[in-house]
Amino acid sequence: MPQKPAARNVSIELLRIVAMFLILTCHFVIHFDWDHHQLRVVLPQEPGWWSALRFVIVQYGQVGVSIFFIISGYFLVEKSFKWNRLVKTWLQMFCYSVAFLIIVLLLGAFHHYPMAVEPIMHGVDLYRSILASLFPFFYNSYWFIGAYLLMLLVAPYLNTLFNTLPKRSMEMLIVLLGFFSIQILIFERASNWNNLVYAMLGYLIGGWLRKYYQDYEDRFRTLPMIGIIVALTLLMVAFNHYISEQSWLVDFMGWKTGFMMALFSSPSSSVCWCSSW
């Protein structure tokens, strides 16, 4: 008898929608200059609370990306490795990439490119753009889906860790990888944070929730969690405002440079794949 498809978890689907909304909003704030109604590549860091709030919106784009990695770990931690999952994801990336390249080339034949796009669509840079579209994984054209593919490759080994190491050891590993995410803000130039570590950390958190959430379920209450989120958001706004002003501590810690590097080294792109799996 054919098996019925598994019922979709409404809460997880809603969480995916929220994550996609956060990522789209992040990109809109970064790349659209509302004051001059034109595209831009980087969001300028300016003093004031309004700029601090804009950067919080951008930071929440990374929260959206983290949610997708966590959901992946939640569902894959108890599943076996399948090559077709990897191939299917890569094929989707390739098809979207080539389709977007064709659309952009056709638009460029009839219209002028926006100033933010113009430099990479002429001369030698055009050939590089074509290569990056034909071989997106090797050129890291879409960092999220590239990190996701790498995460799928290491997922069996992460699952083995969950099956062999005690819960305490897995929690310490999560803390260690989490420290890498803020290392650059503490030691300025020292950073072991990259796309794969990012994906692995999210995967481990999702796997931990799947394996051990029931042990702490009574501690996760809705109102206290909302209060924590609000408090951390206000702290992020205050920190963004502080580092936008002149301060000896900001200069000494290198927070302005480190903040920008940490925020924009992994832009939250490739939303179209986030809902496909």
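**Contacts, salt bridges and a helix pair**

Leaving aside residues up to four places away in sequence, Val104 touches Tyr113 and Met121. The model is a predicted one, and in it Val104 sits in helix α3. For the pair Val104 and Met121, the separation is 17 residues along the sequence and 9.2 Å through space, taken from C-alpha to C-alpha. As for solvent, Val104 comes out as partly exposed because its relative accessible area is 29%, which falls between the 20% and 50% cut-offs.

Next come the charged pairs. Searching the whole structure turns up four salt bridges. One of them joins the side chains of Glu13 and Arg16, with 2.6 Å from N to O. Both partners belong to helix α1, which covers residues 10-31, and they are three residues apart, or about one turn of the helix.

Another bridge brings together the side chains of Arg54 and Glu46, at 3.3 Å from N to O. Here Arg54 counts as buried, with 13% relative accessibility, while Glu46 counts as partly exposed, with 38%.

A salt bridge also forms between Arg210 and Glu78, whose closest N and O atoms lie 3.9 Å apart. This pair ties together distant parts of the chain, 132 residues apart: Arg210 is in helix α7 (residues 195-212), and Glu78 is in the loop between α2 (49-76) and α3 (83-110). That distance still qualifies as a salt bridge because the cut-off is 4 Å. Arg210 itself is partly exposed, its relative accessible area being 30%.

Two of the residues met above turn up again where helices α1 and α2 pack, namely Arg16 on the α1 side and Arg54 on the α2 side. Two packed helices are described by the angle between their axes and the distance between the axes. For α1 and α2, the angle is about 145° and the axes are 8 Å apart. Their crossing is left-handed. From α1, the residues making the contact include Ile12, Leu15, Ala19, Met20, Leu22 and Ile23. From α2, they include Ile57, Val58, Tyr60, Gly61, Val63 and Phe68. Sorted by class, the contact of α1 with α2 holds 18 nonpolar, three polar and two charged residues.

Methods: Residues numbered from 1 in each chain as written. Predicted model: local features only at pLDDT ≥ 70, side-chain atom pairs only at ≥ 80, totals over all residues. Heavy atoms only, no water. Helix = DSSP H or I, 4+ residues; strand = E, 2+ residues; numbered from the N terminus. Buried < 20%, exposed > 50% of the residue type's maximum accessible area, 1.4 Å probe, protein only. Contact = heavy atoms within 4.5 Å. Axes fitted to C-alpha atoms, helices over the stretch in contact; angles between N-to-C directions. Left-handed = near helix turned anticlockwise from the far one by under 90°. Nonpolar A, V, L, I, M, F, W, Y, C, P; charged D, E, K, R; others polar.
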